[in-house]
Amino acid sequence: MGVEEQKAGEFYVERDVMNELVLDELARRRTHSTRPPLKERVKDSLSCSVPKLKQTVLSFIPILSWLPRYSVRQDALGDLIAGLSVGIMHLPMGLAYALLASVPPVYGLYTSFYPVLVYCIFGTSKHISVGTFAVTSIMIGTTTERLAPNSDFTFLNGTNGTAFLNVAARDAYRVQIAASTTLLSGIFLFLLGMVRFGFMVTFLSDPLVRGYMTGAGIQVVLSQLPSLFGIITGRFTGPLSQIYLLIDICRHLPQTNIAAVVVTLVALAVLIVVKELNIYYEKKMPVPIPIELLTIIGATLISYYCKLNSQYKVAVIGKIPRGLQPPSSPNISLWSSVVGDSFAIGIVGYAVNISLGKIFAQKHSYKVDSNQEMVAIGLSNIVGGFFQCHVVAASPPRTLLQDSTGGKTQLVGVVSSVLVLIFILQLGSLFEELPKAVLACIVLVNLRGLFVQFKDIPDLWKSNKVDLLVWLVTLVCTILLNLDIGLAASIAFAMLTVIFRAQLPRYSILGHVPGTELYLDRDTYEEAKEIPGITIFRSSTTMYYTNAELYVDALQEKSGIDIGKLLMKKKKRDGEQKRKDKKEQNKAKKEAKKQKGVNGYLPNSTVHPEDKGDVENGSPDLKGNQMAISLVDKPTNGQVNWAFEQQGTGFDRGSETGFHSDDHITQMSNTGGGEMGKSSVNDTHTIILDLSTASFVDMATVKTLKNIFLNCREIDIDIYITGCQVCVVEQLSIAGFFSESIPKSRLFPTIHDAVLHSLRLHGASDVPIIYEYALDLTCTTKM
C-alpha cells in the first residue's frame, strides 16, 4: 500500500479493497471520544478564574476591549466627520419615522439618542448605524393603531353635538403602547442572546428578508400617501388593511389639499435631485450634501413665513417639547396584547442588524458576534422602553453614509447622539411649523434601497425559482396579511419549501467513468457507463422519516427491480415446489406400499436417497445471503480473471489475486456458462446504496434500510452501503442496525471498493459479462 508520484496532475495509489471493518482496523478507530465528559464540561463552564472572568466581561461589554486601544490619530477625524453626518441624518429620520410609529415626532428623536448610546457600549459592529428604521417603525405603528384607534378617543361635544378627537390622550396612550412593546421586544432579544440563540436568524433566508422588506416598504408608502395629498383617512389594521387603506385614499382624493401637493412636489424634486447628485459625485465629495436637514430647515422657514398651516390648512408636526423626558416604567399590563408583535418586531430588527453588520464586517475584515448583537439590540430596546422610545434597528442609508464618510468605530454613535441631544435640548421647538408632507417625502426618498430589491426578481428567475417563489409569496403575504401575520406566513412557507425539497430530492443511478474511480449520474454524464449486474443508487438529500418511503419507491423505479413482485413470485414458486415435492413423496410412498404388497418384506431392499454430499457438491451455498463460487481460472486476452469463494463477513486484505487490466473497463463477450450468479430477472446481483449525502439517520431510516437488506436477501441480491460519514455509522450502530444477518462488512468507504468487492464475488466463469478494471484487488488506481 502506498502512493507514488508520477507527474504533475497525476498520482498513483495502490491499496487493498476495504470495507468498514478493515478501514477501522487500518485507520485505528478510536474507541472513546476525545471530547471531555459532560460532567467535566459542566464543571469547566461553572468554574471561575480571573482570566475567564476577564474574557466574559470583555465579551459582554465590547467597549472595554476596543476603547483602550482606540487610535486617536488614525480614527478620530473619520469618526468625527461620520458622526456629524449621521447625526444630521438622524434628525429628519427621527421626526419622520416617529409619524410612521404613530407617536409624536419628539419620541423619534429620543429613539435616535438613548438606544444609540447603549449600542455603542454593547455592540460589536463598527459600521452600522442603529436608530429609527422605516420597517420597525411601521410595525410599531400598526400595533399602536390597533390598540389605540381614533374611535376610542372620539367624543361628542355636549354643546353643539359635533365629534372631536382627544389627540393628547390618544398620543399619550400610543406612547405607552410603543414603550411597552419596545421593552418586551428587548427582553426577548436579550434572553435569546444570553442563551446563545443568535443562530435563529438563519431561519430567515435572504429572499425572505428582502421580500419582507420590500413588502414593508410598500406599506410605508401607502401609509404616507395621506400626508402627501393632505387628506385624512381612516386607520385600518389586520389582514387586507392595506387594500382598505388604498380604497379609502381613493375615496378621499377629491378632498386633496393643493398646497400640500405643491409642498410635496417641491420637496420630492429637491430631495431626489440632490440625492442623485450625491451618488454621482460620491468619490469627488468628502461628505454628501445633508439635503434632508437642509430641506426641513427650508420647509420650516417657508411654512412659518407663509403661514401654510393657518391659511392653507397644511398639516404640520406641532409642538415639540424642549428637554428630555424622565424615565418611567412601561405599562406591563399591555404585554399580553403585544407579545406577538414584540417578538416579530424584535426578530425583524435583529435580522436587519446582523445582515448589515456581517456585510460591513466582511468588507472591513473583522467579525461580528451574532449572539452579542442580539444582546446589544435587546439592551438598547430595554433601555429605550424606559425612555418612551420605540424599537430600533440598523438603517441602510445611515449605515452607508457612516461607512462612506470614514467611520471606523462605534464612537460614531456617540458623536451623532451628542448632536441629537443638542437638537432635543435647544433646537427642537424651532421645527414645530415643519409640514408633515416634507417628512413623508423624506421617508419615501430613503426607501429607494428597498425598492431597488425588485431587481431580485429577474436574478432569482435565472438562478433559483424556488427562492423567487419565496420572495414573491413573502411580498404578497406582507402586503395582504399585514406585517406580523405576513412574517409568520412567510416563514411557514419558506420552511415548507425546504420540506418539499427534502421530500422530492433527485434520485440517480450512477455509472462508472472509464479510466477513473469516479461514479457519476448516468442521466447527466454520457461517459458514465453501466456495470451490468450492479446498480448504484444515490439520493441528493438525507433519508429520514418524511421521505423514507419515497426512497424505496425511487430505488425500485430507477433500478427496475420490483422487490415486492419478486418476493411474491418467489413465495409462489416456493409454494409450488413444496406442493410438487409433497406430491412426489406421496407418490413414492404409494409405490413403496405397492412394491411391499407384491414382493413382501425385503429387508435389504430399502430405498436410499441420493448421497447428501453429492447433492451439495458444486451447488450454491445460500447461507448468509452469499453464494459459494468455485475457484476457476479463465484466460482473457492473455490475462487471468479469478473468481473467489465467498467469505462470511469480510475478505483477506492481503489477497493479491483479482481483476487485472489497463486503466479502463472493457466489456468482453461471454464464452459460455450457466445462470449461476444471476439473482433477478434483470440480471442484477448487487445493489449499492450511496449514503454520502446523509448527515443523520432516524429510526425510519434504520427500519427502511433493514427492510431493503432483508427483502433483497430473499431474492438473492447483495446490498452494500457506501460513503457513510462517521456520525452516520455511529448512529446506525447505536440503533442496532448491524447484526449477524447485516454485518458491518457490508459498509464500504467508497463506491469503488464496493464495486470491486462485488465483482470479485460474482466474477466466475459463469458470469455472462466479464469486466477488466484498472484497479485489481489491491486497488491500483491512476487519478
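In this predicted model, strand β7 (residues 507–512) runs antiparallel to strand β8 (residues 519–521), and three bridges join the two.

How many of the six residues of β7 are buried? Six of six are, and the strand is mostly covered. Both faces are covered. Y507, I509 and G511 lie on one side, with S508, L510 and H512 on the other.

Now turn to helix α12 (residues 258–280). At 1.5 Å a residue, its 23 residues should span 33 Å; the end C-alpha atoms are 33 Å apart, so the two values agree. N257 caps the N-terminal end, with a side-chain oxygen 3.0 Å from the backbone nitrogen of A259.

The buried residues of α12 are A259, A260, V263, T264, A267, L271, V274, K275 and N278. An α-helix has 3.6 residues a turn, so residues three or four places apart point the same way. Among the elements covering the buried residues of α12 are α5 (72–100), α10 (206–229) and α13 (291–306). α14 (308–312) and α19 (436–445) also take part in that cover.

Last, find H762 in the loop between α29 (751–761) and β16 (770–772). Is H762 buried or exposed? H762 counts as buried because its relative accessible area is 7%, under the 20% cut-off. Its side chain makes a polar contact with the side chain of D718, at 2.9 Å.

Methods
Residues are numbered from 1 along each chain as its sequence is written. This is a predicted model: local features need pLDDT of at least 70, side-chain atom pairs count only at pLDDT 80 or more; totals for chains, interfaces and linings use all residues. Side-chain values use heavy atoms; hydrogens and water are left out. Helices (H or I, at least four residues) and strands (E, at least two) are DSSP runs, numbered from the N terminus. Buried means under 20% relative accessible area, exposed over 50%, partly exposed in between (1.4 Å probe, protein chains only). A polar contact is a pair of N or O atoms within 3.5 Å; within protein, one must be able to donate a hydrogen and the other to accept it, and residues adjacent in sequence count only if both atoms are side-chain atoms. The expected span of a helix is 1.5 Å times one less than its number of residues. Contact means heavy atoms within 4.5 Å. Two strands pair if DSSP finds at least two bridges between them.
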